[in-house]
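Please look at the sequence and the structure shown here, and then read the briefing that follows.

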Amino acid sequence: MKMAAFGRISQALYRSSLTQTRRQLSAAAHAEEHQATRTWKILTFVVALPGVAVCMLNMYLKMQHHHHEQPEFTPYSHLRIRSKRFPWGDGNKSLFHNPHYNALPDGYEEDEH
């Protein structure tokens, strides 16, 4: 009888210690997860966003000093083919047409500059 009671008590203590161990491991995993999230959040605000801002500023400043000349127009027969008119404007210009960079089938448009 004493052995049975001792067995039940030892099993109850064993289950209690297992439950406690699982809780501690779960809490440790949660703390590690929280720390990893916090690290990535700090890296995002301290490294990534300022890095993107510096790159944007660099490109903006380079474009302010860059003067692009139009290349000489060569009327290749396989480029700028218009088999059907575009459904907007005069039908000859693409939707994102830039008169400085995009030539029409018969050459560049005259710049107003």
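Leaving aside its neighbours within four places in sequence, Glu109 is in contact with Lys93, His97, Pro99 and Leu104, where contact means heavy atoms within 4.5 Å. This is a predicted model, in which local features need pLDDT of at least 70 and side-chain atom pairs count only at pLDDT 80 or more, while totals for chains, interfaces and linings use all residues. Residues are numbered from 1 along each chain as its sequence is written, and side-chain values use heavy atoms, with hydrogens and water left out.

- With a relative accessible area of 22%, Glu109 is partly exposed, a class that lies between buried (under 20% relative accessible area) and exposed (over 50%), as judged with a 1.4 Å probe and protein chains only.
- The side chain of Glu109 makes a polar contact of 2.5 Å with the side chain of His97, and another polar contact, of 3.2 Å, joins the side chains of Glu109 and Lys93.
- A polar contact is a pair of N or O atoms within 3.5 Å; within protein, one atom must be able to donate a hydrogen and the other to accept it, and residues adjacent in sequence count only if both atoms are side-chain atoms.
- Although Glu109 and Pro99 are ten residues apart along the chain, their C-alpha atoms are separated by 5.9 Å.
- His97 is placed in the segment after helix H1 (2-64), and, not counting residues up to four places away in sequence, His97 touches Asn102, Leu104 and Glu109.

**The salt bridge**

- The structure holds one salt bridge, a term that stands for a side-chain nitrogen of Lys or Arg within 4 Å of a carboxyl oxygen of Asp or Glu.
- Lys93 forms a salt bridge with Glu109, and the closest N and O atoms of the two are 3.2 Å apart.
- This pair links distant parts of the chain, with Lys93 and Glu109 in the segment after H1 and 16 residues apart.
- Lys93 is partly exposed, with a relative accessible area of 28%.

**Aromatic pairs**

- The structure holds two aromatic pairs; rings of Phe, Tyr and Trp (its six-membered ring) pair if their centres lie within 6.5 Å, and planes under 30 degrees apart count as stacked, over 60 as edge-to-face and the rest as tilted.
- The rings of Phe73 and Tyr108 have centres 6.2 Å apart and planes at 75 degrees, so this pair is edge-to-face.
- That pair links distant parts of the chain, since Phe73 and Tyr108, both in the segment after H1, are 35 residues apart.
- Phe73 is partly exposed at a relative accessible area of 23%, and Tyr108 is partly exposed at 22%.
- The rings of Phe86 and Trp88 have centres 5.3 Å apart and planes at 15 degrees, so this pair is stacked.
- Phe86 is partly exposed with a relative accessible area of 28%, and Trp88 is partly exposed with 34%.

**A backbone angle at Arg80**

- Arg80 has a positive phi of about 55 degrees although it is not a glycine.
- Arg80 is found in the segment after H1 and is partly exposed, with a relative accessible area of 26%.

**The chain as a whole**

- The secondary structure of the protein chain comes to one helix and zero strands.
- An unreviewed UniProt entry places the feature "transmembrane region" at residues 42-61; such positions are given in the numbering used here, feature names are shortened, and annotations may be inferred rather than shown by experiment.
- The span of residues 42-61 is 100% helix and 0% strand, and its end C-alpha atoms lie 28 Å apart.
- Buried residues make up 4% of the 113 residues in the protein chain.
- Among contacts in the protein chain between residues at least 6 apart in sequence, 36% join residues at least 24 apart.
- The accessible surface of the protein chain comes to about 10600 Å², of which 62% belongs to carbon and sulfur atoms; accessible areas come from the Shrake-Rupley method with a 1.4 Å probe, and for residues only the protein chains shown count as cover.

Methods
Helix = DSSP H or I, 4+ residues; strand = E, 2+ residues; numbered from the N terminus.
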